[in-house]
Structures are given as C-alpha cells and as structure tokens.
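Reader: I have a new model on screen. Can you walk me through how to read it?

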Amino acid sequence: MKDKEKISNLYHYILYKEITLKNEMTSKHDILKTHPDTFDVLEFYKAKCRYELFKELSKDIERIISDLDY
C-alpha cells in the first residue's frame with residue numbers, strides 16, 4: 001500500500017470511529033433521559049469520555065499527518 005492510501009484509510013477510520021462513538025454517546029444520553037439511574041449515568045459518562053478522548057487524539061493524529069510531506 002502506498003503512503004497516500006494508508007493516510008486515506010486512516011482518515012476514513014477516524015471519521016467512522018468518531019461517528020460510532022458519537023452515536024454511542026447519544027444513545028446512552030437518550031437512555032439516561034428515559035429512566036435515569038446510577039448505572040445509566042456512569043455508562044453515559046464513560047461514553048462521553050471515550051468520545052472526547054478520541055476527538056482529542058484524532059485531532060493530534062490529523063495534525064501529524066498534515067505536517068508530513070509525502
């Protein structure tokens with residue numbers, strides 16, 4: 001695989017994973033609205049942390065990739 005293909009695949013993965021994590025967080029939030037209990041609050045918080053961490057890491061990865069000369 002060429003470098004451009006690898007980078008393209010990485011971008012697609014980042015977009016797919018971000019959408020997946022955001023949907024998971026939204027789903028947990030919707031469940032929290034219907035019947036909040038301690039477990040649901042913790043599940044939502046866990047999903048939100050995963051999403052925010054992934055966004056931060058993917059920003060760093062995109063910055064690194066954009067600085068590459070390929």
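Author: Start with overall form. This is a predicted model. A compact globule of 70 residues would have a radius of gyration near 11 Å. The protein has 16 Å.

Reader: What does the C-alpha trace span along the principal axes?

Author: About 50 × 15 × 15 Å. Read that beside the radius of gyration of 16 Å.

Reader: How many helices and strands does the protein have?

Author: Two helices and zero strands. The helices are α1 (3-34) and α2 (38-67).

Reader: Next, contacts. Among those between residues at least 6 apart in sequence, what percentage join residues at least 24 apart?

Author: The share is 64% in this protein.

Reader: How should I look for a core?

Author: Begin with the general idea. In soluble globular proteins, nonpolar side chains tend to be buried together. Now the case here. The largest nonpolar core has eight residues: I14, L21, M25, L32, F44, A47, Y51 and F54. Both α1 (3-34) and α2 (38-67) give two or more residues to this core.

Reader: What percentage of the residues is buried?

Author: Buried residues make up 19% of the 70. The protein exposes about 5700 Å². Carbon and sulfur atoms supply 58% of that area.

Reader: Now single residues. Is S8 buried, partly exposed or exposed?

Author: Go by relative accessibility. Buried means under 20%, exposed means over 50%, and partly exposed is in between. S8 has 31%, so S8 counts as partly exposed. S8 sits in helix α1.

Reader: And how does I64 count, buried or exposed?

Author: I64 counts as exposed because its relative accessibility is 56%. This residue lies in helix α2.

Reader: How do I compare sequence separation with distance in space?

Author: Take two pairs, C-alpha to C-alpha. I64 and H12 are 52 residues apart in sequence and 16 Å apart in space. S8 and V41 are 33 residues apart along the chain, with 36 Å between their C-alpha atoms.

Reader: Last, charge. How far apart are the mean positions of the positive and negative charges?

Author: They are 2 Å apart. The protein has 13 positive and 14 negative charges.

Methods: Residues are numbered from 1 along each chain as its sequence is written. This is a predicted model: local features need pLDDT of at least 70, side-chain atom pairs count only at pLDDT 80 or more; totals for chains, interfaces and linings use all residues. Side-chain values use heavy atoms; hydrogens and water are left out. Helices (H or I, at least four residues) and strands (E, at least two) are DSSP runs, numbered from the N terminus. The radius of gyration is taken over C-alpha atoms; the globule rule is 2.2 Å times the number of residues to the power 0.38. Buried means under 20% relative accessible area, exposed over 50%, partly exposed in between (1.4 Å probe, protein chains only). Contact means heavy atoms within 4.5 Å. Accessible areas come from the Shrake-Rupley method with a 1.4 Å probe; for residues, only the protein chains shown count as cover. Lys and Arg count as positive and Asp and Glu as negative; His and the chain ends are not counted. The place of a charge is taken as NZ of Lys, CZ of Arg, CG of Asp or CD of Glu. A nonpolar core is a set of buried Ala, Val, Leu, Ile, Met, Phe, Trp, Tyr and Cys residues joined through side-chain atoms within 4.5 Å.
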